[in-house]
Amino acid sequence: MSEHDEDLIATKVWDTAVVRRLLVYARPHKKQFYGSFLVLVIVFALQLLSPWLLRGAIDGPVAAARDASVTMGDAFDSSPYLRTLALWAAAYFGAVLLAAVFRYLEVSQLARTGQSVIHDLRTTVFGHIHRMDLAWFDRTPTGSLVTRVTTDIENLNELFTSGLIVLLFDLIKIAVVIGLLFWVDADLALLVVALTPILIGVSLIFRGGARRAHRRVRAVLARTNGYLQEVLSGVRVVQVFRREERVSATFAGHLAEYLSANFRTIFLFALFYPILAFVTVGIQGSVLWRGGASIHAGTMTVGEFILFWFWLQLLVGPIRELGERYNVLQSAFASAERIFHVLDTEPDVRRPASPVRNDAPMKGHVRFEHVEFAYGNGPKVIEDVSFEIPPGHTVAVVGATGAGKSTLVNLLLRYYDPTGGRVTVDGVDLRDIEMQPYRDQLGIVLQEDFLFSGSVRDNLELGRSSVNEETIALALETSSAIDVIERLPDGLDSQVAERGATLSTGERELISIARALASNPALVIFDEATSSVDSATESKIEAATHRLLRGRSALVVAHRLSTVRRADTILVMHKGRLRESGTHEELLAQGGVYARLYALQFRDEDDESRAG
Amino acid sequence: MRLLWGFFLRFLRHRRRLFAGILAIPAVALCDIQLTILIGDTLTKLREGDDTQFLAGVFGLMLLLSATQGFFRFLQRWWIVGVSRRVEVELKQELFDKLARLPLSFHARSRSGDIVTRLTSDVENVRMLLGPGSMYVLGALFLLPASLFVLFSISAEITLYMTIPLVLVAFAMKALTPRLHRASVAVQESLGDISHRAQESFAGIRVVRGYGLARHERDGFRVVSSENRTHQIRMASARGLMHAFVNLAYDLAFLPILFVGGWAMIDRTIEVGDLFKFIDLGFKVFWPVIALGWIAGMYPRAVVSAERIDQLLHEDLEIADPVDPVPLEVRGAFSLRDVSYTYPDAPRPAVSGVSVELPANTTLGVVGPTGSGKSTLLNLLGRLYDAEGEIRLDRVALRSLSLETLRGALAYVPQDSFLFSDTYRNNIAFGATDDIDDAEIERCIERAAMTDDVSRFPDGLDQMIGERGVTLSGGQRQRSCIARALAKDPRVLILDDALSAVDTETEARLLDGLRRAGGERTVVIAAHRLGSVRTAENIVVLSAGRVEAQGTHEELLERSDWYRETWSRQQMEEELEEL
């Protein structure tokens, strides 16, 4: 954990605003919450009942029998007293069985309640993240997004179950037990009330120290594990440079720090329990001292004393747990803050307030009109770009890295909204179109196209209703990706490892093309990959690309000569501006940049392809 | 069991602390029992006695006993848990040392997440069982017989009845533990699913957005999330049963005290103080005994963890120094004859039947499509993997050289431009001799065309890089890796596609600098961009692990279709860059 993450741990113990917001999520499960509370009340009542029954037996039949045996001597008959005693025992037995049932309900009901809220919240956060802008994804690491729907949510679960409900209840318990102690014996209760602050003090002081110590252990451990991971990923470098011993020594340094951080927590815990026990024994000793005198004086029965003694133990438990509850609350509040921070961030790219309805199938007539774009407050990435893709035409974009080619793709996909000008499809501004139906009609092939884990079939379907067995089979055939599928052990049902690791780069591009083909899209958006693949796969990709583009509107960021040559219009981008545009022949005739390029590099190849 | 014993022997390395801690255990138990006896006897005495003067003494004695107990408890914890932490750290260090030396074939087939788990959770599982676990076991093993002895001497009958629920709870725990374990495994797995699903969905956001899959993703996530909810509730229900049974047993242990004890009191065979002893010791003994059950539950997991750790500790160091290494003053001539390598579990060889001659002080280019075996071939030169066939350095087989001789002579610039999160100086000096000075480091930085970049670092050479410092661009990282390699002043320099993020102009300058700087040094360059190897004396074109063609740039333009096509495509791209 870096220093930066440390700052993220909130220092607040209680945040009413956060609690109020959380309660909004709890409201649909109100009944569950009341149920949980009721179960807790019953368990607590039964807990209080057991010592009371013990007292009843001791002060009732037992004491009476003993008195009677003293006065009656040999004539004493114990059987009626034993019968009463048996009744007390039966009552105790019943209470205990009932307690077992409610103890089971306590644990399962609390979990049920917490999990219901957690499930709602988790899916809400996940859904919200998916509404966020691409720009937001660009600057937020994926790992921390995952943390929002995993660890942070888990922490909130703690808040609901062992945090809020139980903490509230612990406080009630403390109050009730103190009240009961006064009811048994006010004198002794006063003594206890006078001494408990020491117990609370010890618990709270320890809590602070333990939290700091634990935080240090966690930080050092994270550093140690981070270094381990770093060395694992750089083990090649370590070995080639023969630095095994040096990294071992560095690791030893981290471990030494880890050990000393741990010794601090061991010390604290080793000290805490004995001190707590000592204070408790001190309180018990005082109670025995004063209570013993009362018993002797006859103002208190032994049964009452034992009752007092056991109820006193019910007081120590919650007080000892206070510190722990505090820590749970604190980390839960930090998580809640992070989650709400995500929920409070609204995307800039929004659904149109009143979308233009258009039930006709998309023609794929794209227009960029004086489009301008900048990321955030950064410099303009593209400026005053205007062009048109008539239905069925392919437009290929060429240009240097950073010339703005991908930006055109991002805008047409509405990953971002232009900062100036507008993009229209079939005459309607993209900002006024409902995105889901629009995107359903697109065919997309992106660089480094991500393949989801699951089967190859899942990846081809991607949950689109327009795609079925037949269209997939046809798409595979047309794109000759079928060869790739046939090589796989289980064909379409083969599992794709994460990031499609079992497939080569070229094979992945082929499958992506097949995926785009499968929905028979009206508009294709294609960002060609730059990595080099072997000649056989390369020619398959070229052929498949050609089949995908034929007869459809398409915007292609082109790297392949064959794609560029076949395009209806070629756009030459330079530093965010459109420098030249036209067909291959027109551009050649124009004698500009494109012509110069072509003359330099392609003539040989072109001759060859014409000959072949 | 034998395995765990082996790990326990590691604890014995600290036997003085360990035994001191163990000796404290009976003292703790005795004080605990003594406290109960003292209070019980006091209650009895109150009934019979005539004055209450002695109560002040009892109070003092209670405090004294508690203080003594606390003192020993502190020592017990401090020493035993402390030793377990020491053993943990030693074990981690040993594992780390092993990992740093294990061959790349091992690292290639293991996932780093799995290895980290072995060094973290697995070590912790074993530590918990052998350290704190055995501490609680020993504590219970002293407390239980001693308490039973005391209670037995008061009333054998009540003691016997009291143990019945204990036996029952043992059975209940035994029956419930597998269920709880299964449920918690299911919870862990479903949490893994949630995190996996989220990771994939967020990382693939462009496809999700592009294909309008947000709803599909939300539905999928809802499914895994509700599965998790189901498993969580199932686990809670198993935990609830356990909780109910354990507490029921505890409560039931008091039933004989209430009834049989009450009876005995009516019969005047025991006193109220004795009854108190039953209640109080029952309380004190019960929870340590329950803890035994929990520890028994930890046992199977600890055994599995111990196996996983042991496996790593005994992993074979396949690539090691020969028994009798050939001494060699390396000049830098490589000769490869029919060299092949297949990754473990891979269906096809990554490199197959490669034969190449590389005279000292010449440059060899290695090119070919992605996945054609370029990196593998380069790794074989430094014996990061052991190749089939024959690789010789200055006519000596690689296996006959010590790793020090072989790797000492070469420097390597990795494809992933790996740098440590450390100061810039330490990164550059990483492979150099210890006496390298700043002047030399600056020279290497200059040759790697990094001087301007470094001068912009706020802390200069002391600049931390990586997560907790400045983030370097891809090109800066690559140039820094070159500077690091140069700082070693190697006889053989190996560049694995190390210039891909550097612009063409800088690349030309760098390559020129590299050749001149060393004056005489063997260079091997694997490259994606053919321009990088254009001037090499010899270029190998790999295709699916085999040599498709070799020769100079001009020769390959004639001989290799792939080379010619790629060359013209890349020329176009470069022209576009220069627009």
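Let's start with Ser417 of chain B. Is Ser417(B) buried or exposed? Ser417(B) is buried, because 23 other C-beta atoms lie within 10 Å, and the cut-off for buried is 20 or more. Keep in mind that this is a predicted model. Where does Ser417(B) sit? The residue is in the loop between β6 (410-413) and α12 (424-428) of chain B. Its backbone deserves a look. Phi of Ser417(B) is near 45 degrees, a positive value in a residue other than glycine. Most residues other than glycine have a negative phi.

Chain A has a case to set beside it. Asp384(A) is not a glycine either, and its phi is positive, at about 50 degrees. This one is placed in a strand, β2 (residues 380-389) of chain A. Asp384(A) counts as partly exposed, because it has 15 C-beta neighbours inside 10 Å.

Staying in chain A, go to Val395(A). It belongs to strand β3 (residues 394-399) of chain A. Why does Val395(A) count as buried? Because it has 22 C-beta neighbours inside 10 Å. What does it touch? Leaving out residues up to four places away in sequence, the contacts of Val395(A) include Phe387(A), Ile389(A), Val556(A) and Leu571(A). Asp568(A) and Thr569(A) are also among them. Now a distance. Val395(A) and Thr563(A) are 168 residues apart along the chain, yet their C-alpha atoms are separated by 9.7 Å.

Next, the domains. Chain A is assigned domain 1 (14-70 + 78-184 + 335-346), domain 2 (186-299) and domain 3 (362-441 + 553-612). Between domain 1 of chain A and domain 2 of chain A, the C-alpha centres lie 25 Å apart.

Chain B is divided into domain 1 (7-155 + 270-313) and domain 2 (334-577). Here the centres of domain 1 of chain B and domain 2 of chain B are separated by 56 Å, taken over C-alpha atoms. Their contact takes five residues from domain 1 of chain B and six residues from domain 2 of chain B. On the domain 1 side, those residues divide into three nonpolar, one polar and one charged.

Now the strands of chain B. Which strands pair with β1(B)? One is strand β4 (residues 388-393) of chain B, antiparallel to strand β1 (residues 334-341) over five bridges. In that pairing, Ser340(B) has Glu388(B) as its bridge partner. Another is strand β2 (residues 351-358) of chain B, also antiparallel to β1(B) and joined to it by five bridges. There, Tyr341(B) stands opposite Val351(B).

On to the contact between the chains. How many residues does each chain give? Chain A gives 126 residues and chain B gives 121 residues. Which element of chain A supplies the largest share? That is helix α10 (residues 244-297) of chain A, with 30 residues. By class, the chain A side has 75 nonpolar, 36 polar and 15 charged residues.

Look at that helix end to end. α10(A) has 54 residues and reaches 78 Å from its first C-alpha to its last. That is close to the 80 Å expected at 1.5 Å a residue. Just after α10(A) comes Gly298(A), with a positive phi of about 85 degrees.

Last, confidence. For the complex, the predictor gives an ipTM of 0.86 and a pTM of 0.79. Chain B averages a pLDDT of 87, and 98% of the residues score at least 70. Where pLDDT is low, the predicted coordinates should not be read in detail.

Note on methods:
Residues numbered from 1 in each chain as written. Chains lettered and ligands numbered in written order. Predicted model: local features only at pLDDT ≥ 70, side-chain atom pairs only at ≥ 80, totals over all residues. Domains from an automatic or database assignment. Contact = placed C-beta atoms within 7 Å. Nonpolar A, V, L, I, M, F, W, Y, C, P; charged D, E, K, R; others polar. Helix = DSSP H or I, 4+ residues; strand = E, 2+ residues; numbered from the N terminus. Expected span 1.5 Å × (residues − 1). pLDDT = per-residue confidence, 0-100. Pairing = 2+ DSSP bridges. Buried ≥ 20, exposed ≤ 12 C-beta atoms within 10 Å, placed from the backbone.
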